[in-house]
Structures are given as C-alpha cells and as structure tokens.
Amino acid sequence: QPDFYLSKLLDIIMIDLGSHHQSHKTIAALYTLGFITRPLFSGRYGMVGLPYLPLLLDQTLPGIDPNDQVKSALTLRFSYALLHTIPIYPQLAINANGDSSNMFSIWAGELLERAFAVLSLCTVDYDKKTYELEMLH
C-alpha cells in the first residue's frame, strides 16, 4: 500500500529535517519532498501528508538559508510543489490540534520574508556589455 510507505517515508523525512548539524540529511529530505509532494497531498492516496503538514511547513522554513543556495533552492522547490498541489481551502488549513487556522497565510508570509531576505543579500555584478546583451533579448 503506497499510503503506508509514504507515511513511513515522511517519518524519516521529519527526523532528517530536524537534523540541523547534518546538513546532508536536510538536503536529502528537501530533495525527496520536492518529488513526493504530489502523491502526499493530491488525494490519490488519501492525503497521507495532511497530518504532517503543520510540521512540514514549520520545519522547511529554515531551509531558506543565505549561506546554502542548494538548500534554499530545494526548499523553494518544495514550497512551489506544495502550493501547486494543495487547494488552499480553510478546511485544509488544520493545525496540530485539528483546529482550523490561518497557518498557510502565516507560513506564506514567513516564506516570502525569508526569500526576500536571502535575495537582498545576493549581489550580482553586471558589466555594461552584459547588461546591453540582456536588453537585446
């Protein structure tokens, strides 16, 4: 049964997302999440990921890190896949107590705040010729 294996995989991913001192595990967990988001939340296997959703939202936010571009990119990939897959209705916004909440709006605000903070730290130096070439396209 796919739902059984997906829930076991999510248990492992949740442990790896919390391993702040072993970044390779966090990167592997984020990479995997980017691929399994649709089966977890599309309803094909009964929304197996829904009970994990509040923790996933909370645990993936630190992945947006100005010192780790790979982790940041994987976090944004998961976030995109999640927002693309889940229809955001109030009845799906369930917190750990099972209460309806505005967790998506809080998470989205924090996600954007972190993403823009990382982008503000990025510097790109263009010379005049590169700029002119880009303007031609």
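Tutor: Gladly, and please keep in mind that this is a predicted model.

Student: Okay, zooming out, what does the secondary structure of the protein chain come to?

Tutor: The protein chain has six helices and zero strands, so that, read from the N terminus on, its elements run α-α-α-α-α-α.

Student: Let's take α2 and α3 then. At what angle do they pack?

Tutor: Helix α2, covering residues 23-41, and helix α3, covering residues 53-60, pack at an angle of about 155°, and their axes are 14 Å apart. Angles over 145 degrees count as roughly antiparallel, and α2 and α3 are therefore roughly antiparallel to each other. Their crossing is left-handed.

Student: Which residues make the contact?

Tutor: On the α2 side the contact is made by Leu30, Leu33 and Phe41, while α3 contributes Leu53, Leu56 and Thr60. Sorted by class, the contact of α2 with α3 has five nonpolar residues, one polar residue and no charged ones.

Student: What about α3 and α4, how do their axes cross?

Tutor: The axes of α3 and helix α4, which covers residues 69-85, come within 11 Å and cross at roughly 150°. These two helices are therefore also roughly antiparallel to each other, and α3 passes α4 in a left-handed crossing.

Student: Who is in that contact?

Tutor: From α3 there are Leu53, Leu56, Leu57 and Thr60, and from α4 there are Thr75, Phe78 and Leu82. The residues of this contact divide into five nonpolar, two polar and no charged. If you look back at the contact with α2, you will find Leu53, Leu56 and Thr60 of α3 listed there as well.

Student: Last topic, the whole chain: what share of its residues is buried?

Tutor: Buried residues make up 35% of the 137 residues in the protein chain. As for contacts along the sequence, if you take those between residues at least 6 apart, 62% of them join residues at least 24 apart.

Terms used: Residues are numbered from 1 along each chain as its sequence is written. This is a predicted model: local features need pLDDT of at least 70, side-chain atom pairs count only at pLDDT 80 or more; totals for chains, interfaces and linings use all residues. Side-chain values use heavy atoms; hydrogens and water are left out. Axes are lines fitted to C-alpha atoms, for helices over the stretch in contact, and angles run from 0 to 180 degrees between N-to-C directions. Helices (H or I, at least four residues) and strands (E, at least two) are DSSP runs, numbered from the N terminus. Angles under 35 degrees count as roughly parallel, over 145 as roughly antiparallel, 65 to 115 as roughly perpendicular and the rest as oblique. A crossing is left-handed if the near helix is turned anticlockwise from the far one by less than a right angle, and right-handed if clockwise. Contact means heavy atoms within 4.5 Å. Ala, Val, Leu, Ile, Met, Phe, Trp, Tyr, Cys and Pro count as nonpolar, Asp, Glu, Lys and Arg as charged, and the others, Gly among them, as polar. Buried means under 20% relative accessible area, exposed over 50%, partly exposed in between (1.4 Å probe, protein chains only).
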